Amino acid sequence: MMPGMDEPLADKTLFISGASRGIGLAIALRAARDGANVALIAKTGEPHPKLEGTVYTAAEQIEAAGGRALPIVGDIRDEQQVVAAVAQAVERFGGIDVCINNASAINLSGTEALEMKRYDLMQDINTRGTFVVTKACIPHLKRAANPHILTLSPPISLEPRWLGPHIAYTIAKYGMSLCALGFAEELRADGIASNALWPRTLIATAAVQNLLGGEAAMARSRRPELYADAAYAVISRPSRECTGNTLLCEDVLAEEGVTDLERYSYVPGADLQVDLYVDSL
């Protein structure tokens with residue numbers, strides 16, 4: 001199909017890390033509705049007892065939604081696996097238009113309680129993984145018509161309350177945001193947009209369900225489609241006009257004319273919990 005005004009991602013290729021479920025999958029499905037190609041790299045090739053979905057079930061959903069999918073089982077901590085995955089995507093779809101850094105690890109333990117292997121895991125997946133995936137995609141983004149890098153990470157606040165409770169996680173997520181801002185400046189002359197995107201409230205994902213408070217936290221969350229619709233809006237914008245930002249999903253949607261967000265509530269009418277880093281902005 002030929003891309004139209006109503007289908008800006010038609011025939012575009014997205015490379016997404018960690019998109020077997022949750023927010024990454026929601027972004028992939030929103031792009032698929034335009035007829036996009038989606039290459040997804042994630043570790044879950046076999047069903048997990050506590051986590052819904054694999055790269056293969058995600059690919060089935062993407063194709064059912066109208067897109068074309070390339071599921072790749074891989075670990076973004078391994079540079080060679082990432083390079084190979086990007087090469088597969090380019091071979092299958094002819095290039096890469098959008099790089100989405102979604103893969104992330106979370107552990108909110110304090111300094112004494114946090115095992116160093118957990119610290120290393122967050123650094124390796126969050127900050128280093130963002131760098132490695134983007135690095136592999138850049139040569140192909142340089143040849144794209146409207147190239148975007150979108151990193152799912154928060155605005156950077158140095159307020160002590162965001163640093164004190166979980167220093168390691170905060171460092172790892174801020175590292176992703178610093179990558180996003182750095183890529184924007186480094187690649188500005190190439191016309192490659194780079195932005196970070198984060199929600200104002202919790203998003204109903206497996207991490208919230210399993211690590212951040214169970215059903216009580218889910219009830220105070222919004223659905224991943226909020227993140228997906230905001231991400232879709234960002235990566236549909238002209239890349240030379242929208243770069244170097246740490247954006248909030250709700251602000252992006254407001255700019256698109258979407259101000260009633262009740263439809264995104266996991267439990268309609270419930271009080272929402274403001275997410276990390278943004279309630280003072």
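Axes here are lines fitted to C-alpha atoms, for helices over the stretch in contact, and angles run from 0 to 180 degrees between N-to-C directions. Two packed helices are described by the angle between their axes and the distance between the axes. The structure is a predicted model, in which local features need pLDDT of at least 70, side-chain atom pairs count only at pLDDT 80 or more, and totals for chains, interfaces and linings use all residues. Residues are numbered from 1 along each chain as its sequence is written, and side-chain values use heavy atoms, with hydrogens and water left out.

The protein has 10 helices and seven strands. These are DSSP runs numbered from the N terminus, with helices being H or I of at least four residues and strands being E of at least two. Of the 281 residues, 53% are buried. Buried means under 20% relative accessible area, exposed means over 50%, and partly exposed lies in between (1.4 Å probe, protein chains only). The protein exposes about 12,500 Å². Carbon and sulfur atoms supply 52% of that area. Accessible areas come from the Shrake-Rupley method with a 1.4 Å probe; for residues, only the protein chains shown count as cover. A contact means heavy atoms within 4.5 Å. Among contacts between residues at least 6 apart in sequence, 74% join residues at least 24 apart.

Helix α3 covers residues 79-93. It packs against α4 at an angle of about 35°, with the axes 9 Å apart. The crossing of α3 and α4 is right-handed. A crossing is right-handed if the near helix is turned clockwise from the far one by less than a right angle, and left-handed if anticlockwise. On the α3 side, the residues that meet α4 are E79, V82, V86 and V90. Their partners in α4 are V132, V133, K135, A136, C137 and H140.

Helix α4 also holds T127. T127 is buried, because its relative accessible area is 17%. Beyond its neighbours within four places in sequence, T127 contacts M122, I171, A172, G175, M176 and C179.

The model has one aromatic pair. Rings of Phe, Tyr and Trp (its six-membered ring) pair if their centres lie within 6.5 Å; planes under 30 degrees apart count as stacked, over 60 as edge-to-face and the rest as tilted. The pair is F131 with F183, and it is tilted, with 6.0 Å from centre to centre and 40° between the planes. F131 belongs to α4 (residues 116-141) and F183 to α6 (residues 167-186), 52 residues apart. F131 counts as partly exposed because its relative accessibility is 45%. F183, at 5%, is buried.

Two arginines sit over rings. A charge sits over a ring if NZ of Lys or CZ of Arg is within 6 Å of the ring centre and within 35 degrees of the ring normal. R30 lies over the face of Y232, 3.6 Å from the ring centre. The charged end of R92 sits over the ring of F93, 6.0 Å from its centre.

V55 is placed in helix α2 (residues 55-64). With 0% relative accessibility, V55 is buried. V55 and L40 are 15 residues apart in sequence, and their C-alpha atoms are 7.1 Å apart in space. Contacts of V55 beyond four places in sequence include L40, S20, P71 and V73.

Most residues other than glycine have a negative phi. D11 is not a glycine, yet its phi is positive, about 65°. D11 lies in the segment before β1 (13-17). It is partly exposed, at 38% relative accessibility.
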